[in-house]
Amino acid sequence: MLIETHAHLDYPDFANDFEDVLRRATEAGVTRIITIGTSVESSRRAVDLAGKYPNVFAVIGVHPTYAAEAEDDVITPLRDLAKNARVVALGEAGLDYHHLPSVEAAKQKKVQVFARALQGETEEEIEARIHDGAYKARQASLFQQQLDLAVELGLNVVIHQRDAWDDTLEMMKPYADKLRGIFHCFGGTLEEANEVLALDHLVSFTGIVTFKNGAAVREVAARVPLWKFMVETDCPYLAPVPFRGKRCEPWHTRLVAESIAAAREMPLQEVAEATTETAEKFFRFKRV
């Protein structure tokens, strides 16, 4: 028995064969699926799906990359959605500096952010840096609001972090002993994993552990304490070997667990039992 702890079932990728997707998951031993909201509307869809299918549960929140377009008040609708007993956590919330305005502008060759004139920063560079600061501040505000809401509601949080490690940990420190976070799609070092665990948070691994270039993450998954991690797919993204380049599905959680079991040199059942128990405690299915 496995729990797929991070899927995006509301995405259009699954619209044409949704029932088959759930059936394949069940046949593979993936008995519960947690579908994750990335915006208020996505969260509503997640709750709707959780209400229709007994093996689907919802996590509601606003992804950091939606910060610029998110409504001024996302907390009121999220608080209302959280009244539904099928909601088992907040998220995915966090910080993502991978697509800063300056980086995107540089890619489009509109602003040469990293070019340095002899006399110092150009006006374009200064403007790009200001936009970066505003974007980061908007993400931080959105993250903090969701952390506060999680404390208010007594829920844990699914954390999205990309290229913002130090800032993410710093923002979560004031919430120690108030909530726990799961750092989903973990791809960091063992030292970083230990930082997370030391704060009583958890990590979760995706199909990256099956990749040829995923050896470092696979090694981390082999060395993290058995009761401190979960398994997920982040579907429809990150399909594991041998399905790379294709749509990822919840049943692929089994392939993730199998890869970790092999790396840890232990039976799949032990990994399944431990990750399932960890997920049950974290997501507090007892609300349902």
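Arginine 32 is buried, at 15% relative accessible area, yet the side chain has a salt-bridge partner in glutamate 280, with the closest N and O atoms 2.5 Å apart. This pair ties together distant parts of the chain, since arginine 32 belongs to strand E2 (residues 30-36) and glutamate 280 to helix H10, 248 residues apart. Keep in mind that this is a predicted model.

**Helix H10**

- Helix H10 covers residues 268-283, and at 1.5 Å a residue its 16 residues should span 22 Å; the end C-alpha atoms are 22 Å apart, so the two agree.
- Glutamate 280, the H10 end of the pair with arginine 32, is partly exposed, at 31% relative accessible area.

**Other salt bridges**

- The whole structure has 16 salt bridges.
- One of them joins the side chains of arginine 223 and glutamate 219, at 4.0 Å from N to O.
- These two sit four residues apart in helix H8, which means about one helical turn separates them.
- Arginine 223 is exposed, with 53% relative accessible area, while glutamate 219 is partly exposed at 41%.
- There's also a network: salt bridges with shared partners connect Asp17, Arg24, Arg247 and Glu249.
- Within that group, the side chains of aspartate 17 and arginine 24 meet at 3.3 Å, N to O.
- Arginine 24 counts as partly exposed, at 24% relative accessibility, and aspartate 17 is partly exposed too, at 21%.

**The largest pocket**

- The largest pocket holds about 620 Å³ of space.
- It is lined by 27 residues, and those closest to its centre are His160, Gln161, Arg162, His184 and Cys185.
- Strand E4 (87-96), strand E5 (157-162) and helix H8 (215-223) are the elements that each give two or more residues to the lining.
- E5 makes the largest contribution to that lining, with four residues.
- By residue type, the lining splits into 11 nonpolar, 10 polar and six charged.

Key
Residues are numbered from 1 along each chain as its sequence is written. This is a predicted model: local features need pLDDT of at least 70, side-chain atom pairs count only at pLDDT 80 or more; totals for chains, interfaces and linings use all residues. Side-chain values use heavy atoms; hydrogens and water are left out. On a 1 Å grid over the protein atoms alone, a cavity is a set of points where a 1.4 Å probe fits but cannot get out, and a pocket is an open set with protein on both sides within 12 Å along at least five of seven lines; lining residues have an atom within 4 Å of a point. Grid points are joined across faces, edges and corners, and a volume is the space filled by probe spheres set on the points. Ala, Val, Leu, Ile, Met, Phe, Trp, Tyr, Cys and Pro count as nonpolar, Asp, Glu, Lys and Arg as charged, and the others, Gly among them, as polar. The expected span of a helix is 1.5 Å times one less than its number of residues. Buried means under 20% relative accessible area, exposed over 50%, partly exposed in between (1.4 Å probe, protein chains only).
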